[in-house]
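My plan is to look up a few things and jot down what turns up.

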Amino acid sequence: MRLRSLTLAAASGAALLAAGLMPAHALANPAPAAAPKTAQEGSVGAADLLAKVKSCAQISSGKYQTDDETSATVPVCGKNGAVFWKADMDIDCDGRRTTNCNEDRDPWFQDDTAFHQSDGKPLKSESLPYVVVPSASGIWKYSDYGIKGGGVVAVIYGGKVEYAVVGDTGPTKIIGEASYATAKALGIDPDPATGGADSGVTYILFKDSKVSPIESHSAAVSLGDQLARQFLANN
């Protein structure tokens, strides 16, 4: 969870370009570039899912911004068995400290996530695909629509489907954020300071779903594929 700013991100990226300001370990060990995902998760294609979310029946009381500087243009939409939105993707690197998710790599790093692993520890953004939902507000309250921590999300970008879990909460007025692992799997630059996607990301959250344990990505894929097939049949 963090408040992001395009201006701050740009300034941070520019600062890191100056070798004198870059941490020595970052110079010696730059983050690996994200490789495009080659395998399709599950049996349901991106085109089939996107065909079901072409129109929006708005369920949020207002719309969300994608960043601090943008106007509010993104509604939360309702379908049978799911809610969805179309936005950008900011990178959430919060939770357990890892090689690429820590205070040195992420200007907004926080060492906790709203939802925790089965052992009580924060989630690990670098290895677990998860999505951030806006904290409850007058715009929308996710829990009122069957969305909970560990719920399954189909994240669609560039013709690929990645199954993730609801893993963290974010600002009340901003939408469009997912973990380092989610971005990397979809071929999006996962760098928490300069990466992400400006647009073109669809998030489909399946109501009343929950992966157990939340940290099992294979369980998310298995349940997600089942729910995606039901979603196609019911919409």
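**Entry 1: disulfides**

For my search, a disulfide is a pair of cysteine sulfur atoms within 2.5 Å. One reminder to myself before going on: this is a predicted model. How many disulfides does a search of the whole structure find? I got two.

I took Cys56 and Cys77 to begin with. A disulfide joins them, with 2.0 Å from S to S. The torsion about that S-S bond is -100°, and the link is left-handed. I then checked where the two ends sit: Cys56 is in the loop between α3 (46–51) and β1 (77–79), while Cys77 belongs to strand β1. That puts them 21 residues apart, so I noted a link between distant parts of the chain. Are the ends buried or exposed? Cys56 has 38% relative accessibility and counts as partly exposed, whereas Cys77 is buried at 3%.

Next I looked at Cys93 and Cys101, whose sulfur atoms are 1.9 Å apart in a disulfide. The torsion here is about -65°, so this disulfide is left-handed. Cys93 is buried at 0% relative accessibility, and Cys101 is buried too, with 1%. I numbered the bonded cysteines in sequence order and wrote down the pairing as 1-2, 3-4.

**Entry 2: aromatic rings**

I went through the rings and counted four aromatic pairs. In one of them, Trp85 and Trp140 have ring centres 5.9 Å apart and planes at 75°, so I filed the pair as edge-to-face. Trp85 lies in strand β2 (residues 82–92) and Trp140 in the loop between β3 and β4, so this pair ties together parts 55 residues apart in sequence. I looked up the accessibility of both: Trp85 is buried at 0%, and Trp140 is buried at 3%.

Phe206 and Phe231 make another edge-to-face pair, 6.1 Å centre to centre with 75° between the planes. Phe206 is in strand β7 (residues 197–206) and Phe231 in helix α5 (residues 217–234), and 25 residues separate them. Phe206 counts as buried at 3% relative accessibility, and Phe231 does as well, at 2%.

Which residues do ring pairs link into a cluster? I found Trp85, Trp140, Tyr145 and Tyr203.

**Entry 3: strand β5 and its partners**

Strand β5 covers residues 160–170, and I found 10 of its 11 residues buried. I then looked for its partners. Strand β3 (residues 130–134) pairs with β5 in the parallel sense over five bridges, and Pro134 stands opposite Gly170 in β5. Strand β4 (residues 152–157) pairs with β5 in the antiparallel sense over six bridges. There I saw Tyr157 opposite Lys160. The hairpin of β4 and β5 has two residues between the strands, and Gly158 takes a positive phi near 55° in it.

Last, I looked for cavities of 30 Å³ or more and got one. The largest cavity has a volume of about 50 Å³. I listed its lining, which includes Pro134 and Gly170 from my previous entry, along with Asp90, Ile174 and Glu177. Which strand gives the most to this lining? It is β3, with three residues. I sorted the lining residues by type and got six nonpolar, two polar and two charged.

Definitions and conventions: Residues are numbered from 1 along each chain as its sequence is written. This is a predicted model: local features need pLDDT of at least 70, side-chain atom pairs count only at pLDDT 80 or more; totals for chains, interfaces and linings use all residues. Side-chain values use heavy atoms; hydrogens and water are left out. Buried means under 20% relative accessible area, exposed over 50%, partly exposed in between (1.4 Å probe, protein chains only). Helices (H or I, at least four residues) and strands (E, at least two) are DSSP runs, numbered from the N terminus. Two strands pair if DSSP finds at least two bridges between them. On a 1 Å grid over the protein atoms alone, a cavity is a set of points where a 1.4 Å probe fits but cannot get out, and a pocket is an open set with protein on both sides within 12 Å along at least five of seven lines; lining residues have an atom within 4 Å of a point. Grid points are joined across faces, edges and corners, and a volume is the space filled by probe spheres set on the points. Ala, Val, Leu, Ile, Met, Phe, Trp, Tyr, Cys and Pro count as nonpolar, Asp, Glu, Lys and Arg as charged, and the others, Gly among them, as polar. Rings of Phe, Tyr and Trp (its six-membered ring) pair if their centres lie within 6.5 Å; planes under 30 degrees apart count as stacked, over 60 as edge-to-face and the rest as tilted.
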